Amino acid sequence: PPPKTVTVNGKTYTPDEWYNVPDNVLAATNRKIFLQKDHPISITRQILESKFAAPEYLPHNDFDPVVSTYENFDSLGFPADHPGRAHSESFYINRDTLLRTHTSAHESAVFRSSNSDGYLISADVYRRDEIDRSHYPVFHQMEGARTWDRSKVPNGDIAAAVYADLARMPTHNVKVEDPHPPFHAERNPLQIAHHTAAEAEAITAHLKRSLELMVVEIFSRAKAAAAKQDPNYVDEPLRMRWVEAYFPFTSPSWELEVYYAGDWLEVLGSGVSKQEILSEAGVPSKLGWAFGIGLDRIAMLLFKIPDIRLFWSQDERFLSQFTGVSDNLDTLKPFVPFSKHPPCYRDVSFWLRSISPAGGNTASPTTHDVHNNDVMEIIRDVAGDIVEDAKLVDEFTHPKTGRRSMCYRINYRSLERTLTNAETSDLHERVIAALKEKLGVEIR
Ligand code: PHE
């Protein structure tokens, strides 16, 4: 049964049968590593914030992680059947309340209350997902937006006001590909009832330059750091490209990708805010753009951090490497891994519970389904940050009985010390017991 009450960030909530927050995830709500001085996530936030100065942009870094489904989904135009709403994808306190899955959950509140033209919101966000070196149920995002008020710009001429602001911005000399047409009839139509194509294009130009400058800053710092560590470092020119995207709360919408280590890497989502969002927030005369960027992956590449679990480490061998960087960003250096401890793999195979179909037709039993995210979470719940990754390595249906079997391979590896065999076996036994208890599976 769910706990009677849970307290997050000093506020108390009442769970119901939808409650699905494991204790380790609940505990993470207290950590606030994105605000912790000299923490790589916090340093990354600072670098991004440095490109969006006051008074145009004001940072908001203290929103509660618990939000309503209205704030997280409905206020942004997510349809009722959007997959992100599923119990298997998000952490719910109760039916109407969850741990935010993105910082966009606060867009409406800031549009409503802020008296600045732009804002930044940084926060911890929560999603149920795989376990591996780049996925963790808690990660961080920065959201930002810039608006112009039609009732306040001269003659209501938004395009002129936006271009005037753009003219005051610095330029950069990085090659940017931008192959897609600005509008798409279904996915990204012009918001014809609210602004002209010329206005949307002005806002887009401002959006693109602003975000390009932010990404250039990050990658220049990443290169400078890499060059400090490796005297033979070869500086390759930075390449970026804008790719058409879809978000329910922007139109048109884009992702910005950066060419990195031989691949195009998606770094952020963005677009021209839908006027419904601004109207709903009580500021119908404003229009503008918004973006959202994940901080953890950016921090991993900036600091060459090989495993996302390290961000949660309280080991001084990790934390002390960043001392002083918050005060002087130019001292940023890549992380130097302390001894890598050996991995320890263990497999677990199980039969899924079969459910006798109504009418007792045992010739074709249906099997109970198990969601991958449930398995991941049970493993993480027992073994905590000692799991490096876990994956489904085999799956089959017995030809005669119709029962389904799954095999997971779990890699136990501490970031901080070498695990003994006995310790690993004990952990694995406890994982198995939890899988049996929580999923009702039969171990093979
Ligand atoms: N919230 C979106 C995400 O998590 C990112 C986004 C923010 C896109 C703002 C557009 C505008 O993927």
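A crossing of two helices is called left-handed if the near helix is turned anticlockwise from the far one by less than a right angle, and right-handed if clockwise. Keep that in mind for the first helix pair below.

The model on screen is predicted, and local features here need pLDDT of at least 70, side-chain atom pairs count only at pLDDT 80 or more, while totals for chains, interfaces and linings use all residues. Residues are numbered from 1 along each chain as its sequence is written. Helices (H or I, at least four residues) and strands (E, at least two) are DSSP runs numbered from the N terminus.

**Stop 1: H5 against H6**

Select residues 158-167 for helix H5 and residues 197-229 for helix H6, which pack with their axes 8 Å apart at an angle of about 20°. Axes are lines fitted to C-alpha atoms, for helices over the stretch in contact, and angles run from 0 to 180 degrees between N-to-C directions. H5 and H6 are therefore roughly parallel to each other, on a scale where angles under 35 degrees count as roughly parallel, over 145 as roughly antiparallel, 65 to 115 as roughly perpendicular and the rest as oblique. Their crossing is left-handed.

To see the contact, show Ile158, Ala159, Val162, Tyr163, Asp165 and Leu166 on H5, together with Ala198, Glu199, Ala202, Ile203, Ala205, His206 and Arg209 on H6; residues are in contact if their C-beta atoms, placed from the backbone, lie within 7 Å. By class this contact has nine nonpolar, one polar and three charged residues, where Ala, Val, Leu, Ile, Met, Phe, Trp, Tyr, Cys and Pro count as nonpolar, Asp, Glu, Lys and Arg as charged, and the others, Gly among them, as polar.

**Stop 2: the eight-stranded sheet**

Next, display the open sheet of eight strands, whose order is S3-S7-S8-S13-S12-S11-S10-S9 and whose pairing is mixed; two strands pair if DSSP finds at least two bridges between them. The edges are strand S3 (57-60) and strand S9 (175-177), each of which pairs on one side only, and the twist from one strand to the next averages 25°.

Within this sheet, select S7 (residues 118-126) and S8 (residues 138-149), an antiparallel pair over nine bridges, in which Tyr126 stands opposite Val138 of S8. Helix H2 (residues 40-49) packs on the sheet, touching S3, S7, S8 and strand S13 (286-294), and its direction makes about 15° with that of S8. H6 also packs on the sheet, where it touches S8, S9, strand S10 (239-244), strand S11 (250-260), strand S12 (263-273) and S13, with its direction at about 145° to that of S12.

While S11 is in view, look for Pro252, which is found in that strand and is joined to Ser251 by a cis peptide bond with omega of about -5°.

**Stop 3: H8 and its two helix partners**

Select helix H8 (residues 295-303), which packs with H6 at an angle of about 30°, their axes 8 Å apart, and this makes H6 roughly parallel to H8.

Pro40, Ile41, Thr44 and Arg45 of H2 meet Leu295, Asp296, Ile298, Ala299, Leu302 and Phe303 of H8.

Asp38, in the loop between helix H1 (23-28) and H2, has a positive phi near 70° although it is a residue other than glycine. Pro55 sits in the loop between H2 and S3, and the peptide bond from Ala54 to Pro55 is cis, with omega near 0°.

**Stop 4**

Move to the open sheet of three strands, ordered S4-S6-S5 with antiparallel pairing. Strand S4 (66-68) and strand S5 (92-94) each have a single partner strand, so one side of each is left without a neighbour in the sheet. Three bridges join S4 to S6 (residues 97-99), and Val67 has Leu98 as its bridge partner in S6.

Finally, select S17 (residues 387-397) and S18 (residues 404-412), which pair in the antiparallel sense over nine bridges, with Val387 partnered by Tyr412 of S18. Their hairpin has six residues between the strands, and Gly402 takes a positive phi near 75° there.

Terms used
Contact = placed C-beta atoms within 7 Å.
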